[in-house]
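Here is a friendly tour of how the parts of this structure meet. Have the sequence and the 3D view at hand as you read.

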Amino acid sequence: MYTYIGKRLLLAIPTLIIISIFAFSLQKLLPGDPILAMAGEERDPQVIEFLRDKYRLNDPVVYQYVYWVGAVVQGDFGISLRTNQPVLSLIAEKLPVTIQLAIMAMIFALAIGVPIGILAAVKKNTWIDYIANIVALSGLSVPNFWMGIMLILLVSVKLGWLPASGYEPFFSDPVRSLQTMIMPAFVLGLALAATLMRHTRSSMLSVLRSDYIRTARAKGVSEQAVILQHSFRNALLPIVTLTALLFGELLAGAVLTEQIFTIPGFGKLIVDAVFNRDYAVVQGVVLCTAIGFILMNLVADVLYVLLNPRMRAAL
Amino acid sequence: MTMLQQTLQIAPQHVRSGNRAWRKLKANKSAVVGLVIIIFFVALAVIAPLLPIADPMATSWSAIRKAPSAAHWLGTDDIGRDILSRMIWGARASLMAGVFSVGIAVAIGVPLGLISGYFGGWVDMIISRVTEAFLAMPFLIMAIALAAFLGPSLFNAMIAIGLSAMPLFVRLTRGQVLSVKTEEYVEGARSIGLGHYQIITRYILPNVFSPLLVQASLTIATAIIAEASLSFLGLGQQPPAPSWGSMLNVAKNFLSQAPWMAMWPGAAIFLVVIGFNLLGDGLRDALDPREA
């Protein structure tokens, strides 16, 4: 098992190197010269030269990359041009917000997607199945930022039930925190619920067709036990790994959701950074998301092995 | 099943597979619905200049944030522009973004996938590693980062979305090529002395075409949402040019005063995206050889 995890971690290294090259070269795509922007109105040649030296822009590109990666490996993602804070501490500050949002969204997604998926599979080709499929297709097709705007319009503006925006850390005021997060989490979770529903349905369908289910039915096991104990437990495997993979997707989905509900999280960080031309932050966020994504992929693979006795035996 | 249908099914050799797929597609209700939705929006986008509608950019200080009425069927926006007209012109931006960005993704991704899968070896290793790395970044984050660094415009947004979607096509094409390249007809082509280029274009590409078509349709749906998202964030179509995403961006500031501003653009995105998703799912069923 440990050698398997070790091997998977080693495989992630080339991926990380390529992503770091991508994040680094983004900077080179820039049309303007960031140093000129930093040097201020006067554009004093001495200041410009000093800044160029300070940021090592006079060195060859390859050296610049090596310096940059060297710093990143030590946890130095640079300094935000806007706030003068280290990028890493900015990210560390915003990430818990988005993680709370992501966990709540995942709870919604699982609570909606999995039961409906099971139901649709059990009632295959009935009106329940058709409606579930239409709902899932809609969930996949609706732009989640529009969904967010419509919910604000209905729930906050018309009904006045929940605040339209704002954020409260969970540990300072749990009730208020849940109130502000529940709508964004629902919006973010909806597309995932649709994906989960589709996978649960097809996974259940393939299990329900298998021989051991026929055997279970033949020996008189109740239908409820067949579905919940025999089928669902076996259909769960791909869903667990999918859930881990979808956590990575949540990070991306959070960008728009946080924008609409003005939640000061990871996604808002990248958008604000983009508009403030705070490129060190954009690079840092891109790298961190990719690392998070790769880790979740690893978790998915490990879970798959852990949960599947046949795979465990093969290792 | 009638006798005639049975005969047709037994003797399909003379029927070109494209025709068969088309018949199956026509028989698939949801795919037809999808196609109708798409044709409707494409038609609107194409004939927009000919329609007797208001200028989508014309502002009017006497018609600011007017609710839907006979004069303005869908109301007006914060500077008095006709929303219906902006919606119709906005369809152009959305559809163009969907089609062009997927075009970019296909034009770069498919050849790379063909080369990677067909030749194997170190070329394959490099292309595969890079593809995996790009797939390790969430689609939207990558599109946002690229669009941010390229500079905000509809054209750059399309490039950013296209490049972000490209790895999907590399991976899919490569996988398909790997599964057909050991087929006997490819070996046959090689044994009669055809060159790599001819084998790839005449024997491999046509046989990996179907899954690519399905993927393209589904990716157009994703790309349209991505363009709307980028425009919503201000990284796509720039004002005053109309696009559904940027209309929503403005609309969110006037939710209590002018809710109609927010309703229509989102509903349009939703419909078009459903159209492409339905078509993609329908194509998948129609082109699946296992069910033929």
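What follows looks at the domains, the chain interface and the salt bridges in turn.

## About the model

This is a predicted model, in which local features need pLDDT of at least 70, side-chain atom pairs count only at pLDDT 80 or more, and totals for chains, interfaces and linings use all residues. Residues are numbered from 1 along each chain as its sequence is written, chains are lettered from A and ligands numbered from 1 in the order in which they are written, and side-chain values use heavy atoms, with hydrogens and water left out.

## Two domains in chain A

Chain A splits into domain 1 (2-73) and domain 2 (87-307), with bounds that come from an automatic or database domain assignment. Their C-alpha centres are 34 Å apart. Domain 1 of chain A brings 16 residues to the contact and domain 2 of chain A brings 12, where contact means heavy atoms within 4.5 Å. Together the two domains bury about 1300 Å², and carbon and sulfur atoms give 79% of that; buried area is the accessible area (1.4 Å probe) that two parts lose on being put together, summed over both.

Between these domains there is 1 salt bridge, meaning a side-chain nitrogen of Lys or Arg within 4 Å of a carboxyl oxygen of Asp or Glu. Its partners are Asp301(A) and Arg8(A), at 2.6 Å from N to O. On the domain 1 side, α1 (2-29) and α4 (61-73) of chain A each give two or more residues, and α1(A) gives the most, with 13. Helices here are DSSP runs (H or I, at least four residues), numbered from the N terminus.

## A closer look at Arg8(A) and Asp301(A)

Are the two partners buried or exposed? Arg8(A) counts as buried, at 19% relative accessibility, while Asp301(A) is partly exposed at 27%. Buried means under 20% relative accessible area, exposed over 50%, and partly exposed in between (1.4 Å probe, protein chains only).

## Where chains A and B meet

The interface takes 41 residues from chain B and 44 residues from chain A. About 3700 Å² is buried between the chains, 85% of it on carbon and sulfur atoms.

There is 1 salt bridge across this interface: Asp281(B) pairs with Arg198(A), the closest N and O atoms being 3.0 Å apart. On the chain B side, the elements giving two or more residues are α5 (121-135), α6 (139-150), α9 (196-233) and α11 (260-287) of chain B. The largest share, 11 residues, comes from α11(B). Asp281(B) also belongs to a network of salt bridges with Arg198(A) and Arg284(B).

## Salt bridges within the chains

Over all chains the count comes to 10 salt bridges. In chain B, Asp124(B) and Arg174(B) come to 2.6 Å between their closest N and O atoms. Asp124(B) lies in helix α5 of chain B and Arg174(B) in helix α7 (residues 154-180) of chain B, so this pair ties together parts 50 residues apart in sequence. Asp124(B) is buried at 12%, whereas Arg174(B) is partly exposed at 25%.

In chain A, Asp211(A) and Arg214(A) form a salt bridge at 3.2 Å, N to O. They are 3 residues apart in helix α9 (residues 211-218) of chain A, separated by about one helical turn. Asp211(A) is exposed at 53%, and Arg214(A) is exposed at 56%.
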